[in-house]
Amino acid sequence: MSADGQQNVHFKQLNASEKKSKLSLLVKSSSRKLLIWEKGSKSKTTCIPTDYLDNKDQIFIKEMLSEDVLEKEHLFSFEIHGLHFFGKCIPKRFGKQQFYIEVDEEIFKSERRSNFRLLTYPHQEVYVSIFIGKEKIEESNLVNINTRLSQTGLFKNFLDLVDGEEESSVTLEGYLEFRVLDISVTGLAFQYGEIESSFFPSFPMDIGKIYVRFNDETIVVDKAKLLYRLDMVAANQKSKLYKAGVEFQDIDINLDEKLSKIINKTLRSLEAEFEDFLK
């Protein structure tokens with residue numbers, strides 16, 4: 001699910017003619033492959049479809065299936081021209097050596113949302129470093145509320161992660177690190193406390209170059225802007241927290257692709273998304 005509560009993947013049911021067309025294309029494809037698995041299982045069986053009987057909704061396969069697979073409801077998926085299709089089926093035996101899957105009436109096409117926000121907190125270690133000013137940090141004597149490390153320690157740890165000569169020579173004095181709540185290829189949202197609120201006196205606000213630490217990788221965004229602030233409720237019901245939205249500005253295609261690659265590495269599989277859709 002995305003941070004706004006919407007699914008990252010949309011599933012659209014095929015009509016009868018679309019269903020027959022896609023299954024016919026599947027068995028004719030040179031790279032034909034069908035995955036079947038029991039709902040909730042991490043184990044998936046790869047099958048090569050050989051024939052499709054459209055009047056019976058049966059797909060014959062090359063593989064020999066074990067007895068514990070037969071006559072049980074499974075899920076299946078296949079890919080055609082980069083599009084992914086999903087449905088329910090029951091593996092069955094035909095004669096002694098032939099097997100097929102009986103396809104359920106409904107088949108769905110998946111559509112990954114082109115620009116969604118990936119929820120990073122609490123399962124992903126993602127932080128953003130924003131320039132506050134060395135003097136301001138020294139005056140406040142801040143200790144990071146998320147990591148409980150001094151800012152000096154954070155700077156050193158952060159520099160150890162930055163790749164390349166140019167970035168490794170950067171001194172992050174004056175930068176403060178915040179926990180990222182969600183991220184997309186166009187921006188992110190982070191949280192901060194009341195003690196840090198004076199650093200962000202107005203919205204919108206240009207914040208210049210920022211550094212995003214995403215698990216074990218670091219992204220440098222040359223230009224960013226604070227767009228909004230929302231009040232949050234802390235777990236202890238006493239501390240005041242805020243959520244701020246950041247927009248990445250003037251990003252080039254290389255940075256866009258790098259962001260997409262890093263985000264996509266953390267996404268759940270389409271098979272898992274389809275299981276959630278069936279609930």
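This is a predicted model: local features need pLDDT of at least 70, side-chain atom pairs count only at pLDDT 80 or more; totals for chains, interfaces and linings use all residues.
The structure holds 14 aromatic pairs. In one of them, the ring centres of Phe11 and Phe86 lie 5.7 Å apart with the planes at 85°, so the arrangement is edge-to-face. Phe11 belongs to strand S1 (residues 9-13) and Phe86 to strand S7 (residues 83-94), so this pair ties together parts that are 75 residues apart in sequence. Both Phe11 and Phe86 are buried. A tilted pair is formed by Phe190 and Tyr192, with 5.8 Å from centre to centre and 40° between the planes. Phe190 and Tyr192 are likewise buried. These two residues also belong to a cluster, in which ring pairs link Phe178, Phe190, Tyr192, Phe200 and Tyr242.

The count of salt bridges comes to eight. Among them is the contact between the side chains of Asp57 and Lys19, at 2.9 Å from N to O. Asp57 is located in the loop between strand S4 (49-53) and strand S5 (58-61), whereas Lys19 is in helix H1 (residues 16-28), so the bridge ties together parts that are 38 residues apart in sequence. Asp57 and Lys19 are both buried.

Glu102, at 27%, counts as partly exposed.

A further salt bridge joins the side chains of Asp222 and Lys209, at 3.8 Å from N to O. Asp222 lies in strand S14 and Lys209 in strand S13 (residues 205-214), 13 residues apart. Asp222 counts as exposed because its relative accessibility is 57%, while Lys209 is partly exposed, with a relative accessible area of 30%. Strand S14 (residues 217-233) also contains Thr218, which is buried, with a relative accessible area of 9%. The C-alpha atoms of Thr218 and Ile262 are separated by 9.8 Å, although these residues are 44 positions apart along the chain.

Notes. Residues are numbered from 1 along each chain as its sequence is written. Side-chain values use heavy atoms; hydrogens and water are left out. Helices (H or I, at least four residues) and strands (E, at least two) are DSSP runs, numbered from the N terminus. Buried means under 20% relative accessible area, exposed over 50%, partly exposed in between (1.4 Å probe, protein chains only). Rings of Phe, Tyr and Trp (its six-membered ring) pair if their centres lie within 6.5 Å; planes under 30 degrees apart count as stacked, over 60 as edge-to-face and the rest as tilted. A salt bridge is a side-chain nitrogen of Lys or Arg within 4 Å of a carboxyl oxygen of Asp or Glu.
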